[in-house]
Amino acid sequence: MIIDTAAFITAKDRWQQDEMDDIELATQLSLLDNSDKGKAVPDDIVHEDEDLAKAIEESVRSSVPRSSRRNSDRRQSYQIICDVCDGSIPKKEICKREFWNQHFCRRHVSDGTPICCGCMRLKGANTEYINLGDMRNICPDCFATSITNARQKQSILDNVIEFLRLKDVEFKVHVPVFLVDRREMRRHTRRGVSTGMEHIQPIHPDSVVWGLTMFNPDESYAESVESLSRSGRNIRVEQRKYLLNHDSHITVLILFGLPKIMTGAIMAHELMHAWFRQIGVFHLEPKVEEGICQVVAHEWLDWFVVMDEEASSSRSENAQFTRNLKHTFKDLVEIDSSHAYGEGFRDAKWAFEKWGPHKVINHVVKYGTLPQ
Ligand SMILES: [Zn+2]
Ligand SMILES: [Zn+2]
Ligand SMILES: [Zn+2]
């Protein structure tokens, strides 16, 4: 039997030139078993209209981003300079990355400009992005916070396990967690995935699956990325195969190379699935289960920024960067429009706030529903 409990979030990364909906879907990271896939909610790409253009100009005026500072003449006339091509952005083409103060021409979303798989900023004219070797690119800032060896992976995993323990989510048997590339993730999801009582659903080959919890998987091994190092614009990875015939029957896969804070949030989400399986809870409604997993990941993001020594020190540039990543990922969870992940999250969040995590999780385990 296979119950593959998918998956934190996916994105289509092959974009159609003329299909803005698809582009939005790709950028905003649509959710996996999303019944209204394709109906993307507005993302951090903000579409320009008259009011918005004014608002953006206001924010440019007040914050004076790097791009505007470069050309004081243009700044005088409040022109917005594109971070990607360094040109002045036509008024109807202004796009903006929320939380990052990045402005760019809309055409760069579909003209092959690399997009960071962590912060989702487009590659600027003077930045070099790193090729992760599996159709993903990452900016140097995000890569600087990537998990690059087993010790770092264990440290973030310990943090997530401690966070879950405070919610009485404790693991009786060790759950192996492997960092894998997209090819390996694809090998384990190519027959589709399911959540709880949902039927197996196919996954589009271009989707990016961030995390996967497997119960009695069909595949006999997982090929994990043990370490990585940068080599110019590329990376070197050291991989190792692990047999999947362990006692717990549960294995978690997480996409490698992502920023640490993002990796931890995906771990929190997937380990919540793993815990339900470990205590024998199998047939939750996807909306209930994904909702709980999303709330746990969402709360972990706040916890991490408070608990992590570097992230909590307010002054450093790294700390500000981590906080921006936190806002980026929390926003992804909050704006999701899908039934299972989006509405599931909002329902579960309401319940967590009203009843507290212990009562909600107990109720879900006992009755399969959120307390009302
Ligand atoms: Zn999930
Ligand atoms: Zn441009
Ligand atoms: Zn980045």
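Helices (H or I, at least four residues) are DSSP runs numbered from the N terminus, and the expected span of a helix is 1.5 Å times one less than its number of residues. The model is predicted: local features need pLDDT of at least 70, side-chain atom pairs count only at pLDDT 80 or more, and totals for chains, interfaces and linings use all residues. Residues are numbered from 1 along each chain as its sequence is written, chains are lettered from A and ligands numbered from 1 in the order in which they are written, and side-chain values use heavy atoms, without hydrogens and water.

Helix α8 (residues 260-278) has 19 residues and should span 27 Å at 1.5 Å a residue; its end C-alpha atoms lie 26 Å apart, which agrees. Of these 19 residues, 18 are buried, so α8 is largely enclosed by the rest of the structure. Buried means under 20% relative accessible area (1.4 Å probe, protein chains only). Gly280, with a positive phi near 90°, follows α8.

The nonpolar cores are sets of buried Ala, Val, Leu, Ile, Met, Phe, Trp, Tyr and Cys residues joined through side-chain atoms within 4.5 Å.

| Core | Residues | Members include |
|---|---|---|
| Largest | 84 residues | Leu271, Met272, Ile292, Trp300 |
| Second, separate | 11 residues | Ile80, Phe104, Val109, Leu122 |

The largest core has 84 residues; domain 1 (3-11 + 145-367) and domain 2 (20-143) both contribute to this core, so it lies between them. The domain bounds come from an automatic or database domain assignment.

Cys116, Cys119, Cys139 and Cys142 coordinate the zinc ion (ligand 3) through SG at 2.2 to 2.3 Å. Donors are N, O and S atoms within 2.8 Å of the metal (3.2 Å for Na, K and Ca). Both Cys116 and Cys119 are buried.

Note on methods: Buried < 20%, exposed > 50% of the residue type's maximum accessible area, 1.4 Å probe, protein only. Helix = DSSP H or I, 4+ residues; strand = E, 2+ residues; numbered from the N terminus.
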